[in-house]
Amino acid sequence: ITDAAVQAVASGCKQLTSLKLDECDITDVAVEAVASGCKQLTSLNLCGCDNITDAAVEAVASGCPQLTTLDLCGCGNISDAAVQAIASGCPQLTSLELACCDNISDAAVKAVASGCKQLTSLNLELTCDITDVAVEAVASECKQLTSLNLYGCDNITNAAVQAVASGCKQLTTLNLYGCSNITDAAVQAVASECKQLTSLNLCGSITDAAVQAVASGCKQLTS
């Protein structure tokens with residue numbers, strides 16, 4: 001699939017609400033056409049579209065205000081500016097995938113936390129520049145969060161996880177694999193506060209005490 005095909009769809013399918021373009025060899029031209037032509041879009045998957053830049057994402061933010069689901073995993077050329085535009089332009093967003101977006105920092109995540117209050121799912125896997133500041137902002141602002149993926153975010157500490165445990169009571173899925181600074185204290189906080197948890201992935205300096213706390217506190221755990 002190239003830009004030409006996507007431009008044709010954007011021009012002819014004005015009522016389109018969902019579009020998957022993952023791993024397609026497209027450029028900003030295609031995405032800008034979608035943003036201009038498909039105003040009713042609620043779900044857009046651009047995972048692995050590594051030619052996409054901030055210009056495309058900013059066009060989506062401006063043209064698709066009804067967007068609820070956005071996947072930007074592996075879009076390595078986008079920066080904080082793109083995500084900040086989404087946070088400002090798409091306040092109905094409930095699901096955001098930013099895994100492997102190497103140029104994303106705390107500033108982008110803080111903007112999402114501030115602008116997207118309805119967020120239920122956030123994927124920051126291997127977004128390695130993220131620190132406690134970003135995660136604490138999400139914990140403070142996104143009270144409806146049910147799924148948080150912090151796989152490989154090795155700058156975060158117990159403070160971030162404890163903030164999530166305290167602020168995100170509806171959490172059902174939490175991935176902390178590869179978070180090497182996490183200790184028992186963080187896991188015990190999750191076990192104590194997140195009673196609806198069904199899936200938990202751990203790593204770091206975890207001992208029996210943490211696992212026992214999970215076993216005692218997370219009765220709905222299935223994975």
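Modeller: Let's start with helix H1, where Ala4, Ser11 and Gly12 are exposed on one side. Bear in mind that this is a predicted model. Across from those three, the buried residues of H1, which spans residues 3-12, are Asp3, Val6 and Ala10. Looking down the axis of H1, you'd find the buried ones within an arc of 70 degrees, so they line one face of the helix.

Now for the charges. On the surface, Asp22, Glu23, Asp25 and Asp50 gather in a negative patch. One of them, Glu23, sits in the loop that runs between strand S1 (18-20) and helix H2 (28-37), and Glu23 is exposed at 60% relative accessible area.

In one, Glu141 meets Lys117, with the closest N and O atoms 2.2 Å apart. Glu141 belongs to helix H6 (residues 132-141) and Lys117 to the loop between helix H5 (106-115) and strand S5 (121-123), so this pair ties together parts 24 residues apart in sequence. Glu141 is partly exposed at 32%, and Lys117 is partly exposed at 37%.

The other joins Lys169 and Glu193, at 2.2 Å from N to O. Here Lys169 is in the loop between helix H7 (158-167) and strand S7 (173-175), while Glu193 is in helix H8 (residues 184-193), so the pair links parts that are 24 residues apart in sequence. Lys169 counts as partly exposed at 39% relative accessibility, as does Glu193 at 32%.

Note on methods: Residues numbered from 1 in each chain as written. Predicted model: local features only at pLDDT ≥ 70, side-chain atom pairs only at ≥ 80, totals over all residues. Heavy atoms only, no water. Patch = residues over 30% accessible without salt bridge, like charges linked within 9 Å, V, L, I, M, F, W, Y side chains within 5 Å. Areas by Shrake-Rupley, 256 points an atom, 1.4 Å probe, with all protein chains shown as cover. Salt bridge = Lys/Arg side-chain N within 4 Å of Asp/Glu carboxyl O. Lys, Arg positive; Asp, Glu negative; His and termini not counted. Charge placed at Lys NZ, Arg CZ, Asp CG, Glu CD. Helix = DSSP H or I, 4+ residues; strand = E, 2+ residues; numbered from the N terminus. Buried < 20%, exposed > 50% of the residue type's maximum accessible area, 1.4 Å probe, protein only. Arc of directions from axis to C-beta.
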